[in-house]
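Me: I have a chain open here and want to go through it piece by piece. Can you take my questions as they come?

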Amino acid sequence: TSPYVKQHTKNGISTIEFFHPAHNSLPGDILAKLANTITEAGQDDNVLVIILKSGGDRTFCCLLYTSP
């Protein structure tokens, strides 16, 4: 699978999924895209919760709350 950053927003919840085959490292371009996607979601007044998750078969989870 190729590296990616995907975002889906529904009902105030923005889920951002990212993947890179190296698992423990993200190249600069993917890291920049992930950072930009998180920033954009955080600046969206319709987003109340941001969920980060990794794609693939390894585990990563994180929850960010943005105050209204």
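Me: Let's begin with S14. Which strand is it found in?
Reply: S14 is found in strand β2. Keep in mind that the model is a predicted one.

Me: Is S14 buried or exposed?
Reply: S14 has a relative accessible area of 0%. Buried means under 20%, so S14 counts as buried.

Me: What does the S14 side chain pair with in a polar contact?
Reply: With the side chain of Q7, in a polar contact of 2.8 Å.

Me: And which residues does S14 touch, leaving out those up to four places away in sequence?
Reply: Q7 is on that list too, along with H8 and T9.

Me: Switching to the whole chain. How many helices and strands?
Reply: There is 1 helix, and there are 4 strands. Starting at the N terminus, the order is β-β-α-β-β.

Me: What share of the residues is buried?
Reply: The chain has 68 residues, and 28% of them count as buried.

Me: What about accessible surface, and how much of it belongs to carbon and sulfur?
Reply: The total for the chain is about 4700 Å², and carbon and sulfur atoms hold 52% of that.

Me: For contacts between residues at least 6 apart in sequence, what percentage joins residues at least 24 apart?
Reply: That comes to 44% for this chain.

Me: Now the core. Which residues are in the largest nonpolar one?
Reply: The largest nonpolar core has 9 residues. They are V5, I16, F18, I30, L34, A41, V47, I50 and L52.

Me: Which elements give two or more residues to it?
Reply: Those are β2 (13–19), α1 (28–43) and β3 (49–54). The most comes from α1, which gives 3 residues.

Me: Pick V5 from that core. What does V5 touch, again without residues up to four places away?
Reply: V5 touches the core residues I16, F18, I30 and L34. E17, K33 and T37 are also among its contacts.

Me: Last topic, N46. Where is its place?
Reply: N46 sits in the loop between α1 and β3.

Me: Buried or exposed?
Reply: The relative accessible area of N46 is 59%. The cut-off for exposed is over 50%, so N46 is exposed.

Me: How far is the N46 C-alpha from that of K10?
Reply: The two C-alpha atoms are separated by 9.3 Å, while N46 and K10 are 36 residues apart along the chain.

Terms used:
Residues numbered from 1 in each chain as written. Predicted model: local features only at pLDDT ≥ 70, side-chain atom pairs only at ≥ 80, totals over all residues. Heavy atoms only, no water. Core = buried A, V, L, I, M, F, W, Y, C linked by side-chain atoms within 4.5 Å. Buried < 20%, exposed > 50% of the residue type's maximum accessible area, 1.4 Å probe, protein only. Contact = heavy atoms within 4.5 Å. Areas by Shrake-Rupley, 256 points an atom, 1.4 Å probe, with all protein chains shown as cover. Polar contact = N/O pair within 3.5 Å; in protein donor to acceptor, adjacent residues only side chain to side chain.
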